[in-house]
Amino acid sequence: MSLTVDSVTKKFGRFPALNGASFIAPQGGFVSLLGPSGSGKTTLLRILGGLEFADSGSVRFADLNWLDMPARTRNAGFVFQQYALFKHMTVADNIAFGLRVRPRNTRPSKAAITSRVKELLDLVQLPGLEARYPSQLSGGQRQRVAVARALAIEPRMLLLDEPFGALDAKVRKELRADLRRIHDHTGVTTVFVTHDQEEAFAVADLVAVMKDGRIEQYGAPADVRRNPRTAFVSEFLSA
Amino acid sequence: MNAKFRKPTEDPIWLKALLGTLAIGFIAVLLLLPLVLVFKEALAHGLSAFWAAMVEPDSLAAVRLSLTAAAIAVPLNTVFGIAAAWSIAKFDFRGKTFLVTLIDLPFSVSPVVSGLIYVLVFGAQGWFGPRLADHNIHILFALPGIVLATIFVTFPFVARELIPLMVDQGRDEEEAAATLGASGFQTFLRVTLPNIKWGLLYGVLLCNARALGEFGAVSVVSGHIRGVTNTMPLHVELLYNNYDYVGAFAVAALLAMLGLVTLALKSLLEWRYADELAAVHRH
């Protein structure tokens with residue numbers, strides 16, 4: 001029942017974005033993909049979400065052949081750096097979207113959706129903002145809504161692509177603490193992309209340091225920090 | 001002290017006055033005056049003469065034909081335009097720039113040339129002409145030819161309006177919808193369409209205005225059969241060449257009215273659309 005990423009490769013034209021990335025994360029784990037820009041971390045995350053397709057390699061998750069499934073059936077909540085909220089919908093409609101597009105026989109009732117939206121807004125600490133539009137929210141609030149929207153579908157996996165990259169330092173700290181709390185509350189397997197090592201070490205159980213489309217080192221934050229295995233990792237962590 | 005300093009973008013008063021007069025004068029003489037004259041000529045012999053010219057059977061047939069051609073061409077070009085803009089804005093594929101160039105083709109080719117192309121393809125001496133004639137299918141000098149020519153000439157309007165808008169909006173929202181379990185059709189209906197609706201309406205209006213007013217391409221394929229294959233613009237020319245000035249200007253006035261209605265709707269939309277675009281860009 002774990003997430004097994006095995007030798008995944010991906011090229012964009014002639015540029016190799018992933019050169020055989022592999023790692024294993026336990027079910028319910030919290031993994032950070034950490035690395036400089038161009039190291040392939042976002043590409044790997046988008047492959048996990050079904051938004052990009054691997055050239056070779058395999059991903060198994062909960063005994064499913066993950067890469068054979070289209071994005072819409074993976075049930076993997078995705079949080080984007082630029083929020084990607086539906087601008088023309090209210091906060092409540094944004095969060096309810098994933099429930100409303102379900103086929104009739106698995107779609108919750110209107111009342112159930114309303115109470116689920118309320119519950120999620122409480123979880124991300126934005127109670128009462130149902131009727132607002134995204135343009136009426138601050139950056140931090142928008143990203144909280146995006147997290148609630150991704151959680152609404154009761155995802156098998158939560159994928160976050162530099163979710164706090166566009167926010168100021170204080171809001172980042174609050175949000176990452178909340179993200180950790182939400183993870184511990186829901187127990188959903190989480191993969192989190194960042195180029196900020198402090199953020200990666202503060203929030204994750206496991207850190208994968210990436211360089212040139214490969215994973216340079218993978219392990220618990222304390223181990224990676226204590227024993228950097230390559231010159232690149234020690235340099236990156238001391239920067 | 002302050003009076004000495006001018007904003008760097010502020011021009012002297014005489015220059016503003018000169019440019020303003022020039023622009024307003026130009027518009028008045030070249031655009032407004034002819035429009036007024038069209039209505040004046042149409043009403044030169046009184047309202048009843050104007051009305052008689054309008055309800056004359058051949059004129060009514062021309063109005064009906066123009067509206068029919070637009071009613072077929074505009075919805076088809078709306079669908080084609082959305083499909084083209086969607087594939088260009090949301091997908092990467094080989095030959096994308098070529099496709100964009102191709103969409104602009106009707107703008108750069110003279111309408112008469114595009115009409116002639118249809119004659120070459122469907123005409124009696126054309127590629128498909130003899131075979132179609134064997135099956136008693138008439139494309140040229142009939143409604144299908146007029147519709148085809150109209151579609152060709154008005155193709156770019158919807159696509160051109162939507163492409164920059166959809167490219168600017170990116171794919172994030174569609175990707176988010178997919179990860180939340182929406183099908184392609186649900187994503188289009190619930191996410192993409194609401195985001196482009198004002199731009200789409202604007203493109204459809206422009207497309208409609210041009211479809212009603214198209215002269216060159218339709219002129220080549222229509223055959224000018226009075227009361228049968230004459231559209232409004234062709235009918236205006238025919239009446240005018242027959243020295244029926246009241247008739248010509250009456251139909252022209254109606255055509256101008258349709259144009260003015262489109263213009264009014266367009267301004268209304270621009271005003272709405274600007275509002276909404278501003279909301280989108282506030283992000």
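This report walks through the places where two chains of a predicted model meet, and the spaces found in the model.

## Before you start

Residues are numbered from 1 along each chain as its sequence is written, and chains are lettered from A, with ligands numbered from 1, in the order in which they are written. Because this is a predicted model, local features need pLDDT of at least 70 and side-chain atom pairs count only at pLDDT 80 or more, while totals for chains, interfaces and linings use all residues; side-chain values use heavy atoms, with hydrogens and water left out.

## Where chain A meets chain B

Let's begin with the interface. Here 25 residues of chain A are in contact with 20 residues of chain B (contact means heavy atoms within 4.5 Å). The size of an interface is often given as the accessible area lost when the parts come together. Between chain A and chain B, about 2100 Å² is buried, and carbon and sulfur atoms give 61% of that (buried area is the accessible area, with a 1.4 Å probe, that two parts lose on being put together, summed over both). A:Arg72, A:Lys87 and A:Val101 supply 30% of the area that chain A buries against chain B, more than any other three residues.

Four residue pairs, both at pLDDT 80 or more, are in polar contact between the two chains (a pair of N or O atoms within 3.5 Å; within protein, one must be able to donate a hydrogen and the other to accept it, and residues adjacent in sequence count only if both atoms are side-chain atoms). On the side of chain A that touches chain B, helix H1 (41-49), H2, strand S6 (76-79), helix H3 (91-100) and helix H5 (139-152) each supply at least two residues (helices, H or I of at least four residues, and strands, E of at least two, are DSSP runs numbered from the N terminus). This side divides into 14 nonpolar, five polar and six charged residues (Ala, Val, Leu, Ile, Met, Phe, Trp, Tyr, Cys and Pro count as nonpolar, Asp, Glu, Lys and Arg as charged, and the others, Gly among them, as polar).

## Charged pairs

Side chains of opposite charge can pair when their charged atoms come close. The whole structure holds 24 salt bridges over all chains (a side-chain nitrogen of Lys or Arg within 4 Å of a carboxyl oxygen of Asp or Glu), and the count between chain A and chain B is two.

A:Lys87 and B:Glu173 meet in a salt bridge of 2.4 Å, N to O. Another salt bridge pairs B:Glu175 with A:Arg46, whose closest N and O atoms are 2.6 Å apart. B:Glu175 lies in helix H9 of chain B and A:Arg46 in helix H1 of chain A, so the pair joins two chains.

## The largest pocket

Now for the open space. The largest pocket holds about 650 Å³ (on a 1 Å grid over the protein atoms alone, a pocket is an open set of points with protein on both sides within 12 Å along at least five of seven lines, whereas a cavity is a set where a 1.4 Å probe fits but cannot get out; lining residues have an atom within 4 Å of a point). Grid points are joined across faces, edges and corners, and a volume is the space filled by probe spheres set on the points.

Its lining has 21 residues, with A:Leu51, A:Phe53, B:Lys90, B:Phe91 and B:Glu175 nearest the centre. By class, nine are nonpolar, three polar and nine charged.

## The largest cavity

The largest cavity has about 70 Å³ of space. Among its lining residues are A:Val124, A:Gln143 and A:Phe164, and H6 of chain A gives the most, with four residues.
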